[in-house]
Structures are given as C-alpha cells and as structure tokens.
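Open the model in your viewer and keep the sequence panel beside it. This tour goes from stop to stop, saying what to select and what is there.

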Amino acid sequence: MKEVEKTYQTYLEKNEEEMIKALQELIRCKSEEGEPVERDGVLLPFGEGVQEALEKTLELGRNLGFETCNVDNYGAHIDWVGTGRPILDEEGQTVGHEKPQIMAIIGHLDVVPAGSDWDFDPYGGEVKDGKIYGRGTTDDKGPVVSCLFAMKALKDGGYQPVNTVRIILGLDEETKWKGMNYYFTKAERPDYGFTPDADFPIINGEKGLLIFELARKFGTGQKGNGLQLRSIKGGTAPNSVADSCRTVVRSDVKGAYDEIRKKAEAYKEKSGYKIGIRGMGKSLELTTAGISAHGAKPEAGLNAISIMMEFLGELNFVNEDHNDFIAFYNRHIGFYLNGEGLGVNFADEKSGKLVFNVGMIELTPKAGKLTINIRYPISSSDTAIFTAMEPALNQYQLGLIKTEHRAPIYMELDDPMVKTLLEIYQSHTGDQESKPLVIGGGTYARCTPGIIAYGALFPGDEDLMHQKNECMELSRFRLMTKIYAEAIYKLSAGGYNN
C-alpha cells in the first residue's frame with residue numbers, strides 16, 4: 001500500500017487544478033430537478049439541467065479512462081473493471097478468474113434549489129480564499145468528482161482492482177429516488193460499497209425517513225366582512241428548512257391594514273423575527289424570512305413558515321376554517337423540532353431523537369396543505385408515528401397523505417465495513433475522538449444492501465448543505481480524495497472483510 005499511496009498522492013498533487021476545474025464545470029450545471037422533456041425523441045426524465053450534469057460526468061469518466069453506462073437517463077455508472085479473484089489449480093497456478101464483485105460508490109448529481117441571498121453565484125463555481133462556492137459542492141458533486149479522481153490516481157499508479165469499482169450516478173436523490181429505483185431494474189446491484197454523501201468519520205446508521213402531507217379543505221362560511229386569507233406559500237422542498245414564506249390577505253374594513261402593521265411591528269420587536277409588509281393593489285402582502293438548512297438538521301436553520309403562522313395566529317380571519325388551520329399549526333407544530341406537539345417525540349439510545357421539519361406550505365381560500373419531513377429513530381416505525389398523530393389530526397379535520405417512506409438502516413460497530421473505513425479515516429486525519437454516527441439524513445445507503453455512508457463533511461466543519469453559500473475548502477477536497485483513494489484500494493482488493 002505504501003508504494004501505491006506514494007504514487008497516487010503524487011498524481012493528485014499534479015492534477016489538483018484539473019480536479020477543481022472538473023468540479024467547477026459540474027457546479028455550473030443547474031441540476032435542479034425539472035419536468036421531463038424530450039430531446040431528439042429521447043426522454044430526459046429529470047429535465048435539461050440534470051441531464052447536462054449527467055452527460056458532463058460521464059464524459060469526464062471516459063476522459064479519465066473508465067467505461068461508462070447510461071441507463072435510459074434515469075441513472076448511470078462509471079466502471080473500473082476488476083480482474084476477479086484468481087482460480088488456482090492443484091499446483092497453485094492461475095487457470096482463470098472468478099467474476100469480480102462490484103464495489104460501488106453511489107453519489108448523486110441533482111441538487112436542491114439554490115434559494116436566495118447568496119454572496120456568490122450558486123451556479124458559478126467561484127474559487128475565493130481557498131474555497132470553492134456553489135450549489136452541490138458538498139452535496140454531492142464535490143465528493144463524486146473526488147472519488148473519480150481517486151480512482152484515476154490509483155489507476156495511473158499501477159493498481160488493478162480485483163473487484164470492479166463502480167461509481168453509480170443518481171439523478172433525483174433530493175426528491176423521489178425514481179431514478180435509482182429504475183436504474184436497479186436494468187443494472188446489476190453492487191455487492192457492497194459506500195456513498196460519499198454525509199459525514200466523516202462514518203455513518204453506521206440512518207433514521208427512518210417519512211414525507212407526508214397534512215391537508216384540509218375549507219368551507220365557505222365566514223363571519224361578516226372582515227379579514228380574508230387569500231393565500232400562503234412557503235418553502236421549496238420537503239427536506240429543506242423554509243427560508244421564506246409569503247401570505248396575501250384582503251380586507252375592505254377601514255383601518256384593518258394599519259392594525260396589521262402595528263401588530264407586525266410589535267411581533268418583530270417581541271420575537272426578533274423578520275416580517276415584511278407592503279400593499280398589493282387592494283390586498284396586503286406579508287413576507288417572513290428564515291434561515292435555510294437541511295431538513296435533517298432543522299436546528300441549524302429557522303423556519304419562515306413557523307414565523308408566518310405564529311404571526312397569523314395573532315390575526316382573526318372571517319373564515320373559521322382558516323383560523324383552525326393556523327391554530328393547529330401553532331399548537332401542534334410551531335417551532336418544535338422533535339415532534340413534541342404531535343406526540344411523536346420518540347427517541348432511542350442508538351439514534352437519538354426524532355427530527356421534525358415542515359418543508360412547505362400552500363394555502364388557498366379553498367384548501368391548505370403542509371408538507372412534512374420526519375426522521376425517526378431506528379427503534380420506531382412509520383405506523384407508530386401516524387398512530388400517535390391521529391388524535392390531533394382528527395380534532396382539526398386534517399387528512400394525511402403518505403408520499404414517501406424509507407425504513408431505517410443500521411450496521412453494528414464491529415462490522416468489517418465500519419471498522420475498515422473508520423481506520424482509514426483515522427490514519428489520514430489523526431482524529432481518534434470522533435465516533436461513528438447515526439444520522440437523520442437519508443442517503444443512497446438505503447437504496448441497496450451493503451452500502452454505508454462515508455464522508456464527506458469533516459467533524460467540526462460548518463454544514464452548508466441545502467443552505468446559501470454552500471462551499472468546500474480546497475484543503476478538505478484534497479484530504480477527502482486521499483481518504484477515498486485508500487478506501488477504494490482496500491475495498492476493491494478482493495473484499496473488505498478478507
């Protein structure tokens with residue numbers, strides 16, 4: 001290993017600029033999932049931006065000397081084909097080779113919407129003060145590029161894997177995972193591997209993940225000609241903390257808008273939250289600003305929807321159904337991050353507390369809908385959560401629409417995969433204190449057995465995934481590539497547990 005390590009580290013030092021340039025080009029692909037489109041009679045299921053990122057990554061893989069396969073634009077892979085284990089005769093001579101196993105690195109090229117208030121072009125790939133900025137630098141384009149160049153460094157260093165090293169490219173990881181589900185109907189499943197889409201030192205478990213909607217239709221009954229709630233809209237994705245929310249109200253009562261402005265000033269002074277108010281024809285527009293964060297870590301952000309709903313709770317609308325919907329939110333959701341208000345604040349020793357995030361809200365005079373993202377402990381279940389919520393939902397006549405469920409996963413600490421990857425991380429960083437984690441994030445480790453999340457966020461570093469000014473320190477880019485190179489070397493040399 002020492003000789004190979006010396007060779008691949010030399011390669012990485014010589015080709016660092018090429019690696020940075022490759023990441024910049026990939027960042028410049030605005031790969032937010034879009035509507036399906038056709039191009040020259042070929043379906044692009046996730047839109048032009050995602051397709052551009054896919055084609056650019058496959059081109060990079062080919063230019064680096066690897067084989068590529070595109071599975072109908074739903075997913076793809078880049079292969080470094082292994083030799084397979086040697087088959088020996090009675091005298092110990094090699095007479096053939098077994099079919100190589102597949103050691104996978106599963107990443108994704110799609111990104112969440114950029115959001116607002118960036119100090120840099122979110123799709124510019126600008127390098128400044130030792131950092132590269134842009135949506136996807138850490139989640140997950142940077143780690144994908146890192147693993148590609150780690151493979152190339154080993155290849156140019158003369159190493160030949162026993163097992164095939166396969167980088168699998170997902171295209172809708174941030175949304176529905178339809179692409180990966182389709183991909184595995186056409187492509188062989190790997191035997192083991194990792195996804196570079198979480199944290200170091202290693203993730204040995206992931207909480208269960210739920211996405212669902214709470215919805216209610218509103219009656220038309222109202223009390224007099226008072227304040228009308230015309231619309232609420234906030235958030236961009238279930239798995240992001242909403243950083244903005246907008247409400248439109250209407251009243252023909254003289255002085256009603258002045259009263260709302262006074263209440264807003266008092267609320268801002270009391271809470272410290274931001275509320276904007278401006279006239280819009282005969283209506284009044286209210287806006288709130290929060291702080292975006294990953295839905296798995298809502299404590300790192302501030303939910304603009306919760307701010308808006310708390311303030312709207314101080315107003316009185318003519319439609320009682322609207323008041324009830326707002327009251328439900330403030331009593332049972334509010335600013336709670338662990339589901340306390342709905343009685344779902346489950347926890348266990350191995351994976352900690354349930355995490356609760358309201359990603360989106362949409363309300364019209366006729367109906368209201370909340371999109372909820374929950375990460376629940378490995379000892380709990382979706383059934384237990386939905387059962388616990390029933391009393392509050394029934395009380396407020398709310399319907400439950402289940403849209404996504406991914407069961408929790410867990411590897412014991414003495415699993416050979418966990419031990420091998422942890423030792424590699426420790427050898428490169430000297431960090432003996434950081435321990436394996438169970439996270440609320442949902443990675444592609446769930447999409448097929450034998451996969452574990454490994455990096456790429458280092459302990460103590462600021463987590464800007466799903467936030468404005470997402471960036472990666474170039475020194476971290478170099479370090480993770482060295483870690484991934486050794487991980488590929490050890491995991492592909494005949495199996496990590498041999």
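**Stop 1**

Start with the open sheet of eight strands, ordered 17-18-16-15-21-22-14-23, where the pairing is antiparallel. Bear in mind that this is a predicted model. Which strands sit at the edges? Select 274-280 for strand 17 and 399-406 for strand 23; each of these edge strands pairs on one side only.

**Stop 2**

Select strand 17 and strand 18 together. They run antiparallel and are joined by seven bridges. Click I277, then look across to strand 18: the bridge partner is L286. Next, go to the turn of this hairpin. Two residues lie between the strands, and G281 takes a positive phi near 65° there.

**Stop 3**

Select residues 208-217 for strand 14, its antiparallel partner over seven bridges. Pick E213 in this pairing; the bridge partner in strand 23 is I401.

Now show residues 382-395. They form helix 9, which packs on the sheet. Helix 9 touches strand 14, strand 22 (367-376) and strand 23. Its direction makes about 25° with that of strand 14.

**Stop 4**

Turn to another open sheet, built from three strands in the order 8-9-28 with antiparallel pairing. Select 127-128 for strand 8 and 471-473 for strand 28. These two stand at the edges with a single partner strand each, so one side of each is left without a neighbour in the sheet.

Which residue of strand 28 is the bridge partner of I132? Select M472 to see it. Finish here with helix 2, residues 16-27. Helix 2 packs on the sheet, touching strand 8 and strand 9, and its direction makes about 20° with that of strand 9.

**Stop 5: a cavity and a pocket**

How many cavities of 30 Å³ or more does the structure hold? There is one. The volume of the largest cavity is about 100 Å³. To find it, select P113, G115, T236, D243 and S292, the closest to its centre of the 14 residues in the lining. That lining divides into five nonpolar, six polar and three charged residues.

Go on to the second largest pocket, with a volume of about 340 Å³. Its lining has 15 residues, and D117, G290, I291, S292 and K468 are the closest to the centre. Here the lining divides into five nonpolar, six polar and four charged residues.

**Stop 6: an aromatic pair**

The model has 21 aromatic pairs. Select one of them, W80 and Y159. The pair is edge-to-face, at 5.8 Å centre to centre with 85° between the planes. Now check where each ring sits. W80 belongs to strand 4 (75-80), while Y159 is in the loop between helix 4 (141-156) and strand 10 (164-170), so the pair ties together parts that are 79 residues apart in sequence.

Definitions and conventions: Residues numbered from 1 in each chain as written. Predicted model: local features only at pLDDT ≥ 70, side-chain atom pairs only at ≥ 80, totals over all residues. Heavy atoms only, no water. Pairing = 2+ DSSP bridges. Helix = DSSP H or I, 4+ residues; strand = E, 2+ residues; numbered from the N terminus. Contact = heavy atoms within 4.5 Å. Axes fitted to C-alpha atoms, helices over the stretch in contact; angles between N-to-C directions. 1 Å grid on protein atoms, 1.4 Å probe; cavity = no way out; pocket = protein on both sides within 12 Å on 5 of 7 lines; lining within 4 Å. Points joined across faces, edges and corners; volume = space filled by probe spheres on them. Nonpolar A, V, L, I, M, F, W, Y, C, P; charged D, E, K, R; others polar. Phe/Tyr/Trp six-rings, centres within 6.5 Å; stacked < 30°, edge-to-face > 60°.
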